[in-house]
Amino acid sequence: MTSIGCDETPETVWSRMMTYEEVPLRPPVLLRALLPQPRRTQGDKTCVEAEVLCLYDSGFLVKRITKVEPPHLLQFDVVQQRLGIEGCITALGGSYEIRSVKGRTEIALATKYQGYLRPRYLWQPIERFIAHQFHHHILNGMCASFPRLDLVARPATAGDLAGNDFAPPEPICTTPLLRSQR
C-alpha cells in the first residue's frame, strides 16, 4: 500500500477520483523503462459490478468495481489484462482508500498482483519497489489535478489515444498462483 496526503477534504478527493481520467505527470525514468504508461480510463467507477477500461500506451486492463463506500473506499478486481507484461506480472485487483489523518486527507492505493519471475526472494522486493513508484505516480497525478496544491508537474508526452481501437479481447486464461499484496 502506498499513500500520500493532500489538503483537500475526503469528499473533494472522492469526487475527483470518480472523474479522474488522465495522469498529467510524466512518469519517472524507471517507470518509463519498465512498465506500460497509464493514459486514461473509461467507465463508471461509482457502481458495484461496473467495468472500467484503463488504457495504457501499450494496451489495457479492465477493472470490475467490487466495493464502493463514498467517500472512503473503492475496491476493484482486474478481470482482463493485455499490457505486454503478462509473462512477468499479472494485476489481480486493488483499492483506493481515503481517510482524514491529522487535519489532512490521506489517499492510499493498494494493488494485488501475481509475479512470475523467479527466484521470488529476489524479484519480490524489486516488484514492491516498482509498485510503490507506480502508485506514487498515479496518486501524485491525481493530486496535481487539484488547483490549490503546489506540486511541480511535468507535462506528459503521450500522444492522443483518440481513434485507437482498445476494445477488450476475449478473456485470457491464466494459471492461478499464490497472490502477493503490494
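Where is glutamate 49 found? Glutamate 49 sits in the loop between S2 and S3, where helices (H or I, at least four residues) and strands (E, at least two) are DSSP runs numbered from the N terminus. At 54% relative accessibility, glutamate 49 counts as exposed; buried means under 20% relative accessible area, exposed over 50%, and partly exposed in between (1.4 Å probe, protein chains only).

Some ground rules come next. The model is a predicted one, with local features requiring pLDDT of at least 70, side-chain atom pairs counted only at pLDDT 80 or more, and totals for chains, interfaces and linings using all residues. Residues are numbered from 1 along each chain as its sequence is written, and side-chain values use heavy atoms, with hydrogens and water left out.

As for confidence, the protein averages a pLDDT of 83, and 80% of the residues score at least 70; pLDDT is the predictor's confidence in each residue, from 0 to 100. Over residues 149-182 the pLDDT is below 50, and this stretch has 68 contacts in the model beyond near neighbours in sequence. Contact here means heavy atoms within 4.5 Å.

On to the overall layout. The protein has 3 helices and 8 strands, and from the N terminus on its elements run β-α-α-β-β-β-β-β-β-α-β. Of the 182 residues, 42% count as buried. Among contacts between residues at least 6 apart in sequence, 57% join residues at least 24 apart.

In general, an α-helix has 3.6 residues a turn, so residues three or four places apart point the same way.

The largest pocket has a volume of about 900 Å³. For the record, on a 1 Å grid over the protein atoms alone, a cavity is a set of points where a 1.4 Å probe fits but cannot get out, and a pocket is an open set with protein on both sides within 12 Å along at least five of seven lines; lining residues have an atom within 4 Å of a point. Grid points are joined across faces, edges and corners, and a volume is the space filled by probe spheres set on the points. Of the 44 residues that line the largest pocket, Leu35, Tyr56, Leu61, Thr111 and Phe134 are the closest to its centre. H3 gives the most to this lining, with 9 residues, and the elements that each supply at least two residues include S2 (38-42) and S3 (51-56). By type, the lining divides into 32 nonpolar, 6 polar and 6 charged residues, where Ala, Val, Leu, Ile, Met, Phe, Trp, Tyr, Cys and Pro count as nonpolar, Asp, Glu, Lys and Arg as charged, and the others, Gly among them, as polar.

Threonine 2, in strand S1, is buried, with a relative accessible area of 3%. Leaving aside residues up to four places away in sequence, threonine 2 touches Ile107, Ala108, Leu109, His132, His135, His136 and Leu139. Threonine 2 and threonine 111 are 109 residues apart in sequence and 9.1 Å apart in space, C-alpha to C-alpha. Aspartate 77, in strand S5, counts as partly exposed at 31% relative accessibility.

A cis peptide bond joins proline 70 and proline 71 (omega about -5 degrees), and proline 71 is found in the loop between S4 and S5. The bond from arginine 118 to proline 119 is cis, with omega near 0 degrees; proline 119 lies in the loop between S7 and H3. Lysine 102, in the loop between S6 and S7, has a positive phi near 50 degrees and is exposed, with a relative accessible area of 84%.
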